[in-house]
Each structure stands twice: as C-alpha cells, then as structure tokens.
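Let's take a walk along an interface between two protein chains. Have the coordinates open as you read, and follow the contact from its overall extent down to single residue pairs.

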Amino acid sequence: MTDTSARHAILERIQNATRSDQNVYAALPRDYVQRGSLDARGRQELMMERLREYGANVVECPAGDVQATIAHQLRLSGRHVFVVPPDLPGDWLVDGFSWKVDNHLSYEEIEQCEGVVTGASAGIADSGTIVLHHKETEGRRVISLLPDFHLCILGASQIVETLPEYFARCPEPPSLATLISGPSATADIEMTRIKGVHGPRFLSVIIARENG
Amino acid sequence: MRASLFITCYNDTLFPETGRAVVRILERLGVEIDFLPAQTCCGQMHANTGFRAEAFSQAKRFVQLYRDTECVVIPSTSCVAMIRDQYSGLFEELGNEDLRKHFAALLPRVYELSEFLTDKLNVEDVGAYFPHRVTYHASCHGLRGLHVGDRPFRLLSKVRGLELVPLANLERCCGFGGTFSVKNAEVSTAMLEAKLGDLLATGAEYCTALDNSCLMHLGGALHRQNRKLETIHLAGILASTKEQPDGATT
Amino acid sequence: MSAPIMDPRIAPPFPAAALPILQNAQLRKNVAHATDVIQAKRNFLVSEKRDWQQLRTAAAAIRAHSLANLGTYLEQFEGRCTAAGGTVHWARDAAEARSIIIAILREENATEVIKIKTMTSAEIQLNPALEAAGIHAIETDLAELILQLGEDEGSHIVVPALHVNRRQVREIFARRMDLPELADDPEALTAAARAYLRRKFLSVPTAISGANFLIAENGSVAIVESEGNGRMCLTLPRTLITLAGIEKVVPRFQDLEVLLQVLARSATGERMNPYTSLWSGVTPGDGPQRFHVVLLDNGRSEILGRKVERQTLQCIRCAACLNTCPVYRQTGGHAYGSPYAGPIGAILTPQLEHMQHGQSLPYASSLCGACYEVCPVKINIPEVLIELRAQVVNQERAQAARWFDPMFLGMKAANFAFAGAGRFRIAQKLGRLGLRFFTGKDGWIHRLPSIGGRWTISRDLRAFPDQSFREWWSARETDRSKETK
C-alpha cells in the first residue's frame with residue numbers, strides 16, 4: 001500500500017532542498033584505522049579477553065578436538081536439550097545430549113530447548129563480537145534468540161581485529177546479520193548493569209584453531 | 001611593538017581595573033599601547049541572543065576601527081571568540097566583500113590577552129607577584145572556542161608567591177552564558193551553585209579567569225553568600241608586583 | 001506527580017518547565033549519576049581509541065553526504081527494500097504516518113502490537129493514536145515499560161527512565177504486574193520484566209520498530225540495542241513495521257564500520273552494544289514475512305534546505321550531548337517538553353515544529369560548546385542554536401508585543417548606545433547614575449527591578465565604578481600631554 005502523492009511530494013521537497021549539492025562518495029575522508037596490527041595469535045587472545053570482559057565463557061582447542069570440547073562445554077552447562085540448525089556439521093551433535101534439529105520447529109518447541117549450538121560467520125576481536133549471518137551453520141534467527149544458553153563455535157581464522165576488517169571481508173552485504181557483543185544487558189534501573197534481560201543469558205564460545 | 005587595547009563594553013563599564021591592569025602589564029613589558037576611544041562593543045551579546053541585524057553594525061564598526069592597527073589585544077575570551085567564529089559569517093551574510101577582506105586581514109592580528117603574552121610577546125614571566133592561594137576557572141569560550149589550553153597556567157606558574165590549586169570539574173560551564181543568566185535564571189543559578197561548590201572546596205582566596213563575565217556571575221553569588229573567596233581577572237594578578245601589589249584595583 | 005508534558009505544542013516554556021525539576025533533588029541526583037556513569041565509560045573508550053577524531057570526521061562526512069544526496073539514497077533504499085520483499089510507505093507528516101501504520105494494523109486485525117523503543121514514534125504521538133484505534137501498544141524496552149506502566153515520560157534519549165529509582169520501579173511493577181512480593185533489587189525487577197514480556201513476545205504477531213540506520217545499498221535496516229527485546233520484536237512476529245525518519249539513510253553497508261564504532265562509544269560507553277540486528281526485506285522461513293517501512297518527513301525536508309540548520313539531521317541519536325550538557329544535568333529531559341531533549345532537542349524540536357513551537361528551547365543553553373566537542377558526527381550545535389535564536393527574534397520583530405518585552409527593549413537600547421562612542425559614554429553615565437538608587441552602602445546592588453531582578457535572584461552586582469576605563473584613559477592622556485608641555 002503506497003501513497004504515490006506523498007512520495008512525490010517528499011522527493012520533490014528533498015530535491016529542492018539539495019539542488020546545489022554535489023559531493024562524491026569516493027572522496028569521503030577515511031583516515032581511521034582500517035587494518036589491525038595484531039598477528040593471528042594476538043587477535044585470538046584479544047577476542048578471548050574481550051569475550052571474558054563481557055561475561056562470556058570462552059575456551060580454545062585445536063580443530064581436531066572440537067567434538068570433545070563441545071561435549072565438555074555442554075556437560076559443564078548442565079543442560080541436555082539443544083536446538084541446532086539443520087546444516088550444523090553432524091559430528092558436532094555429540095552423544096549424551098538431546099538434539100532438536102530446526103526443521104521448522106515451532107516457538108513452543110524451541111522454548112523447550114535449554115540451549116542452542118551454532119557456528120559463526122566472523123569474530124571481531126576489538127569488541128569481542130560474534131557475527132552471525134544466519135546461514136548454514138548458524139540457522140534462523142529465532143533459534144539463537146529464545147534458548148537461555150548459546151554455544152558458538154568460531155574458527156580462529158574467522159577472527160579479524162577491527163570492525164572495518166569485518167566489512168572488508170564481506171563479499172557483499174549480508175541480507176541478515178546479528179552482531180553479538182556479549183549477553184544482553186540493561187542499565188535502565190539506576191545504571192546498575194544487569195545481564196540477560198531477553199535473549200540468551202549464557203554465551204559460551206569455542207575457538208577452534210585450524211592450525212592446531 | 002605597538003598594540004591597541006579593545007577593552008570590551010562590559011569591562012569598560014564594570015571592570016575598568018582590568019583595563020588598567022592590562023595597560024600596566026604591557027607597558028612594563030615595553031609595549032606601546034594605545035586606546036581608540038571610538039570603540040564600543042564587539043556585538044556578541046546581540047548576536048548570541050538572536051539580534052543579528054544589530055550585531056552587523058557593531059561588527060562593521062570593529063573592523064573599520066582596527067583596519068590599520070598593528071595588533072589588537074582583548075582581555076575577554078568570549079569577545080575574541082565572537083570575532084573569530086562569527087564575524088566572517090556576518091560579513092558574508094551582509095554581502096560586503098570589502099569588509100570581509102579587511103576582516104580577513106585583521107583577524108590574525110587580534111589576540112586575547114593570554115595569547116598575546118605567550119604567543120606574540122613570547123613571554124611567560126611578566127614580573128608579577130601575588131602571594132595568595134589562587135584557583136583558575138576555565139571560561140568556556142577560552143576552553144573550547146579559542147583553545148587557550150595551558151597558556152593561563154603557564155603565566156600563573158611564573159607569578160611569584162602564588163599557590164595554584166586545581167579546580168574540580170574544570171571543564172563544566174559555570175552557568176553565566178550571557179543573557180542565559182537572566183533568561184534562564186534558575187537553571188543558571190543551579191549551575192552556579194554546582195560551580196561554587198567546586199570553587200569553595202579548593203580553599204583558595206582568589207578565583208581567577210580570562211573573562212570578567214564569568215567572574216561577575218561567580219563573584220556576585222560569592223558576595224551574596226558572604227563567602228571569603230574573591231574573584232580577580234588574570235590581568236589583575238599579572239599586573240601585581242612587589243612594588244604595586246594592588247592588582248591595579250585602584 | 002502528573003505526567004510531564006512532552007508535546008512541544010502545549011509544553012510550558014523551558015524556564016517554567018525547569019522550575020519544578022530544579023526543586024526535585026532526587027531526580028537531579030539520578031540524572032547526574034546516570035550521565036556521569038555513561039560519560040566516564042565513554043571518555044575512557046575515546047581516550048583508548050587512537051583514531052577517534054578520524055572516525056568523527058568520517059562519520060560527519062558520511063552523514064553530510066547522505067543528506068546532500070538524500071533523494072538518491074532514499075530511492076535506492078526503496079528499490080532494494082521492495083525487491084527484497086518489503087513495502088515502503090512515505091509519510092509527509094505525523095498524521096499521515098499514524099494513519100498508514102493504523103491502516104496496516106487494521107489489515108492485520110491487530111488488537112495488540114509490541115514495540116521496540118523508537119523516539120520517532122513518540123515524535124508522531126503514535127501510542128495514543130493506537131489506543132484510540134483500539135490497538136494496545138506494549139513497550140518492550142525495560143525503560144519504556146517502566147514509563148508506560150508508570151504513566152510517565154522519558155527524560156533521556158538512551159536511558160529514558162534514568163529519573164526513576166529502584167524503589168519507584170518496584171512500586172510500579174508490583175502494582176501493574178500484580179507482584180506484591182516483588183523485591184526492589186535490579187535483578188529481581190529485571191527478572192519480573194523478562195517474564196512479563198516473554199509472554200508477549202511469543203504471542204503478539206505484530207511489531208513496530210524504529211531504525212538506527214537505513215542502508216541504501218541493499219535496502220536493509222540496522223537496529224542497535226542492549227536488552228534483546230529488539231531481536232525478539234524483529235524476529236518472532238509475523239508482521240513488522242519499521243518507522244524511520246528520512247534522514248536515517250546512509251549509502252552503504254560498509255559505512256556502518258564508522259557509524260557503529262562512534263555510536264556505541266557515544267551512547268552507552270561500550271566498544272559495541274550487545275546486539276546489532278540487520279535485515280533486508282523479508283527472508284523466507286526466517287522472521288516476519290510481512291515487512292513495512294514508513295519513511296517519515298514531518299519537517300525534515302525543510303530543515304534539509306537550510307544551510308546552517310541542515311547539520312541537525314546528521315544526528316545518530318547517541319545522546320552524548322545530553323550526557324555532557326551542564327544545563328541538562330540540572331533539568332533532566334522533562335523540561336524540554338519534547339521526546340527530544342538536551343542540546344539536540346533544543347535544535348531539533350523547534351525546527352520540526354517549523355519554528356512555531358518550542359521557541360524557548362534554543363535559549364535553553366549557555367552556549368558552552370561541550371555538546372559540539374562530544375558529538376560523534378560533529379554537529380555544531382551552538383552555531384545552530386544561535387541561528388535559531390535569530391529566527392525567534394525575527395518572529396518577535398513582527399509582533400507589537402515586543403515593545404512591552406524588557407529584553408527586546410534592552411537590546412534595542414544597548415544597540416543604540418553601541419552605535420557611537422559619544423552615546424556610549426552617555427549611556428555609561430546614565431547607568432552609573434541610575435544604579436545609585438539600588439546600591440547599598442557596601443557598593444553592591446542586591447535587588448533590581450524587571451530583567452535585572454532575574455540577575456539578583458542569586459547574585460549581587462557591583463555598582464558601576466565612578467570612573468570607566470575610557471574616562472581613566474582620557475584623564476591619563478590629558479595628564480601626560482600636560483607633562484610633556
């Protein structure tokens with residue numbers, strides 16, 4: 001339902017207001033820091049430090065040990081029923097837990113799950129940010145939103161240092177993205193920061209090192 | 001070195017001692033100072049209250065008066081900020097290209113007092129003596145408009161006998177703001193109270209600043225509340241010597 | 001305490017609106033505490049960020065460029081958003097926006113709608129219109145929930161309930177959520193809100209959001225938040241309506257690399273806020289399957305066309321200016337009579353009202369410049385304030401009542417006096433003489449009439465000295481010329 005007369009009127013007003021303006025996008029000043037200066041190990045350590053600052057739990061392991069580490073972290077969580085995206089690597093669905101694959105699960109079914117396990121699209125070390133593009137190993141947005149516990153497996157090579165580096169790595173803008181920089185929080189009551197208003201209150205990250 | 005003093009309308013009328021102090025300091029430093037009696041006001045009060053048409057004529061007057069002066073010294077950061085920030089825009093709006101050109105030529109020769117001493121005369125020790133506990137208040141125009149930075153501190157550090165105590169929340173406005181002080185008198189007073197709290201906590205005998213406008217507001221409240229803390233323009237401190245310790249108040 | 005008036009058309013002028021708040025020590029303490037906390041965090045992160053000034057420069061340039069090419073980018077956004085399955089509507093003013101939104105909700109047969117905090121919906125006074133149309137709007141931001149249940153109004157752009165303390169929140173929740181045993185610690189209060197709202201998130205099929213940024217390149221919308229209620233509202237419902245001012249558009253996805261860095265640090269003193277959500281149109285199988293964007297003008301295109309004022313639209317609603325403003329510190333947000341408070345409110349509100357209302361707001365400032373210093377997109381707020389003051393005075397010039405306004409008369413008289421040295425000297429003498437009447441034995445004036453009385457509510461005034469500077473100079477010159485003879 002569009003009102004074309006309003007559209008026309010507004011665009012005409014805008015045109016009249018900006019008639020004499022021409023400045024070129026490519027010429028905009030971008031003297032801010034684009035690339036970081038840390039090496040891979042440095043990036044990873046910064047990522048872990050920032051995650052911990054936010055109260056997230058984080059461990060690292062060689063890529064070959066991912067399954068065992070997943071099992072260990074899930075046991076530590078004290079939870080049993082987990083929702084996962086349909087395209088999560090099969091061998092990440094370790095034994096000893098109940099796995100609900102998200103094939104159009106209802107919200108009620110997702111609510112029954114105690115946690116969610118996903119991969120990620122990127123990590124931004126500067127701010128300890130996990131980026132989900134909700135593609136294969138991440139699943140649709142609701143499954144990483146409703147459960148109270150989120151285990152995220154991030155490859156060490158997916159970690160960049162600065163925010164501009166993340167943007168530089170995207171071949172094209174994602175149609176969906178969620179950038180997570182710690183559990184949800186509010187400071188609305190007397191500026192006292194309380195974790196976990198909505199969304200998962202517990203974030204656990206496994207950084208898998210491809211080079212061991 | 002010759003310099004022309006622009007005393008400012010309010011200093012001329014309410015704080016002539018500041019003008020006398022400036023004359024004393026500069027003559028002591030060997031500057032030949034003159035005073036053009038045709039001067040009145042820089043136009044700031046009108047421009048900042050929204051009376052821009054009235055400010056035009058005052059700005060014109062200033063530029064025409066000082067066109068051929070070697071340099072102009074002004075003991076008020078807010079007036080210098082007016083000249084630096086707003087005159088160009090005023091002349092552009094007036095569409096007077098001649099005035100704009102004359103102003104552009106004049107601008108580099110306009111100095112606030114502390115700038116004149118440290119930048120033009122390259123001096124920090126002006127031979128002053130002021131054996132008192134002093135705290136410095138950073139007027140907003142000096143702080144953010146002119147970026148006077150540490151100039152006043154460098155000058156104060158060379159004053160013999162002076163003990164400088166730092167002021168908490170230095171960068172927070174005292175609440176004067178020109179006509180704001182009367183148009184929003186209650187809010188101005190609340191800001192003033194907060195500033196007074198910080199001032200009194202220093203235990204200083206004197207509060208100094210580069211602007212008598214702030215000092216009039218602070219000093220007016222200090223007097224109302226019968227406080228021991230006095231206010232004095234930086235020029236008054238710098239003008240004081242062992243031989244003449246009165247800060248040019250007489 | 002009755003709900004504060006946040007409609008600039010009927011709100012009292014700033015000086016009057018500020019009075020009851022200046023007497024409210026608790027509120028002022030809350031405001032000072034909240035703004036100190038955010039500012040300290042912000043200042044720490046800014047000092048840590050070596051390229052902070054370069055980021056500000058880039059952010060200001062991106063926003064200025066977006067505005068200079070607003071038509072192009074809005075059309076691009078519309079095209080891409082539509083291609084991705086969204087529907088874009090255009091609203092010339094608040095009334096049109098309200099009717100578009102209500103029409104969509106009626107089509108959905110909505111009786112309830114969940115909302116993410118959006119200043120823009122307060123600007124168009126959406127909630128009362130929804131109620132009148134039989135649609136109950138449920139605020140889901142904790143602060144907005146507190147205010148809604150407490151029948152109160154926001155006093156800060158980012159932390160709207162900062163004027164409310166925990167005891168007050170407990171009282172509101174206990175009463176409105178029927179939880180008489182509720183404790184007043186923030187943990188318990190937050191848990192109560194979580195439970196209350198979760199039921200709504202899972203059941204209400206329609207949501208309304210604002211937008212932090214609209215990305216022209218791919219027609220996507222970006223929302224930053226801390227609590228997660230945004231993600232809930234953007235993901236769970238069947239239908240999503242996003243209301244956004246036309247100035248929110250930026251050219252490319254990549255521009256967020258600058259804007260997100262400056263926004264998080266400025267708004268909440270974090271390197272990145274907990275959740276940032278981006279979506280383009282409709283994604284089959286994921287999230288709302290019906291998506292509407294309502295682009296709102298409501299005075300923005302007029303501001304766009306004005307040379308000095310256009311920069312007002314660069315604002316990214318971080319509220320850093322509020323946090324640093326020494327005036328806001330004393331009055332909080334309610335004194336501004338508008339959803340937009342503080343320095344940005346002082347320039348935006350009257351302009352959105354086409355300078356017909358809120359004319360006291362450009363004067364609610366001492367022009368200290370602290371706001372300009374912290375603004376991540378370099379809006380020279382003092383410059384805009386001065387420009388708006390000139391417009392307010394020009395309005396006054398056309399009114400006969402000006403001759404009864406002591407400030408107006410005083411300004412005209414002063415201008416007359418400043419026009420010549422002779423006149424000025426006479427004015428000085430007359431002033432000196434006139435004030436004698438009010439001068440006490442100690443040489444100070446304790447009370448003055450009219451405007452002067454506004455000075456003397458808290459300050460004395462030293463009497464005009466007997467000799468002005470120019471008189472002293474003139475006498476000295478005379479003495480000197482006598483000596484040289």
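Start with the charged pairs: between chain A and chain C there are 8 salt bridges. Keep in mind as you go that this is a predicted model. One pair to pick out in your viewer is A:Arg13 with C:Asp297, whose side chains form a salt bridge at 2.8 Å, N to O.

Which elements of chain A give two or more residues to the side that touches chain C? They are the helices H1 (4–17), H2 (40–53), H4 (107–112) and H5 (163–169), together with the strands E9 (176–180) and E10 (185–186). H1(A) supplies the largest share of that side, with 9 residues. By residue class, the side of chain A that touches chain C splits into 36 nonpolar, 19 polar and 17 charged residues.

Now step back to the whole contact. Chain A contributes 72 residues to it and chain C contributes 96 residues. Together the two chains bury about 7400 Å², and 59% of that lies on carbon and sulfur atoms.

Finally, turn to the strands. E9(A) is joined by 5 bridges to strand E9 of chain C (residues 275–280), and the two run antiparallel. To find your place in this pairing, look for A:Leu179, which stands opposite C:Thr276 in E9(C).

Note on methods:
Residues numbered from 1 in each chain as written. Chains lettered and ligands numbered in written order. Predicted model: local features only at pLDDT ≥ 70, side-chain atom pairs only at ≥ 80, totals over all residues. Heavy atoms only, no water. Contact = heavy atoms within 4.5 Å. Buried area = accessible area lost by both parts, 1.4 Å probe. Salt bridge = Lys/Arg side-chain N within 4 Å of Asp/Glu carboxyl O. Helix = DSSP H or I, 4+ residues; strand = E, 2+ residues; numbered from the N terminus. Nonpolar A, V, L, I, M, F, W, Y, C, P; charged D, E, K, R; others polar. Pairing = 2+ DSSP bridges.
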